[in-house]
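Student: I am new to this structure. Please take one part of it and describe the salt bridges there closely.

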Amino acid sequence: MERRWLPVRQEGTWKVRCYTVGQTVEKIKFRVPDSIAQNREKTRREIARQERKAGQGMRAVCRMVNASFYRTDGVLLELTYTDEAIGRLADRVRALGIELTEDALRDQAERELELWLRRVRRARAKGGACARYFAVTSDRNGKTGEPARLHHHVIVDPDSAQACAEKWRCGEVREKRLWDEPDHNDLVVYLLKQVRAGKDEKRYKPSRNLIHPVPDYERTVHSDAELRVPAGCSLLERAENSRIEPQYIRYVKLWEVQDAEMGEPGRGLPVLQGGQQVGDPVRGTGKPIKDRPAL
């Protein structure tokens, strides 16, 4: 039998933060001690500290990808290297007088990725458009963690997929349209598991025009009751309940993804425009971010 956490009255104030991206809703509940609850700046720092402690960074990245490539509004590319291309990367390392290691080879692959992204941005800028992408460099198996051949995974907007394939010069480009799902959290987590990076190194390269959702609201409550999934919604994820860590739930609003005639999820949805669904815009997107200029 599943063991459930029973709320226990604790002293302090609780903040509930809610994000909505398409039909997916995330709620996080933080405990703020009474000693700092009356100071807005101290409260902000305390919540930020709890977010880092509870691993909310990964969820923030997933939220950004979900908002920027909603449902099928994206293409997953795998960029591979031929033996000759790997040899050229190794030659660059030796030319720098550095020992040929996995880290040195990966650094050169990162440089090759950035050069490719520049070529893609230039190509898209000629047509008056701006590429939208989320890229990672992988040298590990996402399931086993064992070393794997260098490659890159890139999620791009569909209009940029052709330019991406034309500008990659080091190997093959494998293309796959994103699945028609409420969110792509599992995909993002899988991709980032393949990335090996240092403590302070960023594990992904995002374009500047990605959407960074902000909370729909943040309200104060005076009860440590467990967060609940509303009726008519389906739970996607719930963090392990604890009296110490913040509470977290993610669920999908089923009544907005059901086709009125066929009764099947994900069918008969309005046409996607710019990463958002007509009639159900991505909420909490904050101020628009300027497109990154072509280099």
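Tutor: Glu-102 has a relative accessibility of 41% and counts as partly exposed, where buried means under 20% relative accessible area, exposed over 50%, and partly exposed in between (1.4 Å probe, protein chains only). The model is predicted, so local features need pLDDT of at least 70 and side-chain atom pairs count only at pLDDT 80 or more, while totals for chains, interfaces and linings use all residues. Residues are numbered from 1 along each chain as its sequence is written, and side-chain values use heavy atoms, with hydrogens and water left out.

Glu-102 forms a salt bridge with Arg-140, at 3.2 Å from N to O; the term means a side-chain nitrogen of Lys or Arg within 4 Å of a carboxyl oxygen of Asp or Glu. Because Glu-102 lies in helix α5 (residues 102-126) and Arg-140 in strand β4 (residues 133-140), the pair ties together parts that are 38 residues apart in sequence. Helices (H or I, at least four residues) and strands (E, at least two) are DSSP runs, numbered from the N terminus. Arg-140 is buried, at 15% relative accessibility.

Asp-103 and Arg-196 also meet through their side chains in a salt bridge, at 2.3 Å from N to O. This pair links distant parts of the chain, 93 residues apart: Asp-103 is in helix α5, and Arg-196 is in the loop between α7 (185-193) and β7 (205-206). Asp-103 is partly exposed, with 38% relative accessibility. Through salt bridges that share partners, Glu-102, Asp-103, Asp-139, Arg-140 and Arg-196 are joined into one network. The structure holds 22 salt bridges.
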